[in-house]
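Please keep the sequence and the coordinates in view while reading.

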Amino acid sequence: MVDTIEQRVLHLFSVRAGAYMFRKQKYDTYTPESSIHFDVQLDQDDVEELIEDFAKEFGVDMSAFNIETYYPEVKHSWNPFKKPDPVDVPDFTIDMFIQSAKAGKWLYD
């Protein structure tokens with residue numbers, strides 16, 4: 001049985017990530033420092049669904065959360081010789097959700 005907020009949030013991410021056949025890392029080995037982009041590998045739609053479940057389960061006010069901060073729109077070019085400009089994305093970790101669950105609101109911009 002998971003009892004602490006940290007364990008409950010980690011469990012929520014483990015369940016959401018699911019088991020992928022070609023994933024090199026086991027999906028149940030996440031830590032608070034795990035990146036949602038690189039370690040958990042959730043896309044924007046998955047995060048939007050997770051936010052709803054997270055807010056309900058932990059009673060967190062997510063009105064300050066902006067998905068575009070972590071999943072910005074990338075401009076597409078039809079020119080195959082033009083490299084896309086790099087997009088700077090802030091850190092997006094499980095610990096951000098743990099700290100927000102403890103505070104009862106989303107703490108990050």
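Are Phe54 and Phe97 buried or exposed? Phe54 is buried, and Phe97 is buried too, where buried denotes under 20% relative accessible area, exposed over 50%, and partly exposed the range in between (1.4 Å probe, protein chains only).

This is a predicted model, in which local features need pLDDT of at least 70, side-chain atom pairs count only at pLDDT 80 or more, and totals for chains, interfaces and linings use all residues. Residues are numbered from 1 along each chain as its sequence is written, and side-chain values use heavy atoms, with hydrogens and water left out.

Across the whole structure, a search finds 12 aromatic pairs. Rings of Phe, Tyr and Trp (its six-membered ring) pair if their centres lie within 6.5 Å; planes under 30 degrees apart count as stacked, over 60 as edge-to-face, and the rest as tilted. Phe54 and Phe97 make an edge-to-face pair, with 5.1 Å centre to centre and 85° between the planes. This pair joins distant parts of the chain, since Phe54 lies in helix 3 (residues 44-58) and Phe97 in helix 5 (residues 94-103), 43 residues apart. Helices are DSSP runs (H or I, at least four residues), numbered from the N terminus.

Trp106 and Tyr108 are also paired edge-to-face, at 5.5 Å centre to centre and 70° between the planes. Trp106 is buried, with a relative accessible area of 4%, whereas Tyr108 is partly exposed, at 26%. Ring pairs link these residues into a cluster whose members include Phe54, Phe97, Trp106 and Tyr108.

The mean pLDDT of the protein (the predictor's confidence in each residue, from 0 to 100) is 85.

Definitions and conventions. Helix = DSSP H or I, 4+ residues; strand = E, 2+ residues; numbered from the N terminus.
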